[in-house]
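Biologist: I am new to this entry and would like to learn how to read it step by step. Could we look at it together?

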Amino acid sequence: MREKEENKMAAIPKKMKALLLTGIETFELREIDTPEPGPGEVLAKVEAVAICGTDPKIVKGAFKGLWPKSYPAIIGHEWAGTIVKVGSETFGFSVGDRVAGEPHKGCGYCRNCMTGRYNICENYGNLESGHRHYGFTAPGAYANILRVQVEQFIIFPINFLLKKPPMSIQQPQPFMGLKGEGLFLEIV
Ligand SMILES: [Zn+2]
Ligand SMILES: [Zn+2]
């Protein structure tokens, strides 16, 4: 099979930083292995990640046993970044594309997925079925790199990521080892 030319150009570190939720209101910034993209997947360098209203509840253990199913876990699902590696059988995306992700990926073949209601996939949480809910049941975006299926991507214009939210939204504040401005955060 043809090796994707663009993959050769990208130097991706073998280790990456990720904010691991290790228990209720406990977390650690750790170096872990950078994932490899499988068929239909890409690696995206996370360049902006926002805190969803759900995230603090997950940190506080409000959905323990479901979100996350077990610890340690990587949460975070409101993100944007740049594709740095493209897996096999992945079409329409290239290294350098700037993208933002929708966190749900249905199994693709249950009754609800077949009618476009993939967010209520009958195989919810069953990773073997192909279902993913990034930042909930599958590793999320509080990390340098996110491994993600391409099906749910939306590609934004390049300038989108360069904009910062107006300072009136909120003052900069540290959150769980991340620093940032407004609603946008940067992995440090
Ligand atoms: Zn959200
Ligand atoms: Zn489904």
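Modeller: Let us begin with confidence: pLDDT is the predictor's confidence in each residue, from 0 to 100, and in this predicted model the chain averages a pLDDT of 81, with 75% of the residues scoring at least 70. Over residues 166–188, however, the pLDDT is below 50, although this stretch has 38 contacts beyond near neighbours in sequence, a contact being two residues whose C-beta atoms, placed from the backbone, lie within 7 Å. Where pLDDT is low, the predicted coordinates should not be read in detail. Local features here need pLDDT of at least 70 and side-chain atom pairs count only at pLDDT 80 or more, whereas totals for chains, interfaces and linings use all residues. Residues are numbered from 1 along each chain as its sequence is written, while chains are lettered from A and ligands numbered from 1 in the order in which they are written.

Biologist: How many helices and strands does the chain have?

Modeller: Helices (H or I, at least four residues) and strands (E, at least two) are DSSP runs, numbered from the N terminus, and this chain has 3 helices and 11 strands. Their order along the sequence is α-β-β-β-α-β-β-β-α-β-β-β-β-β.

Biologist: Which strands pair with strand 4?

Modeller: Two strands pair if DSSP finds at least two bridges between them. Strand 3 and strand 4 pair in the antiparallel sense over 8 bridges, and alanine 48 has alanine 80 of strand 4 as its bridge partner.

Biologist: Why is strand 4 largely enclosed?

Modeller: A residue is buried if 20 or more other C-beta atoms lie within 10 Å of its own, exposed if 12 or fewer, and partly exposed in between, with C-beta atoms placed from the backbone. Strand 4 is largely enclosed by the rest of the structure because 8 of its 9 residues are buried, while in the chain of 188 residues buried ones make up 32%.

Biologist: Which residues have the most contacts inside the largest nonpolar core?

Modeller: A nonpolar core is a set of buried Ala, Val, Leu, Ile, Met, Phe, Trp, Tyr and Cys residues joined through C-beta atoms within 7 Å. The largest one has 30 residues, and Ala44 and Ala143 have the most contacts inside it. Strand 1 (15–23), strand 3 (41–50), strand 4 (78–86) and strand 8 (145–149) each give two or more residues to this core, with the largest share, 6 residues, coming from strand 3.
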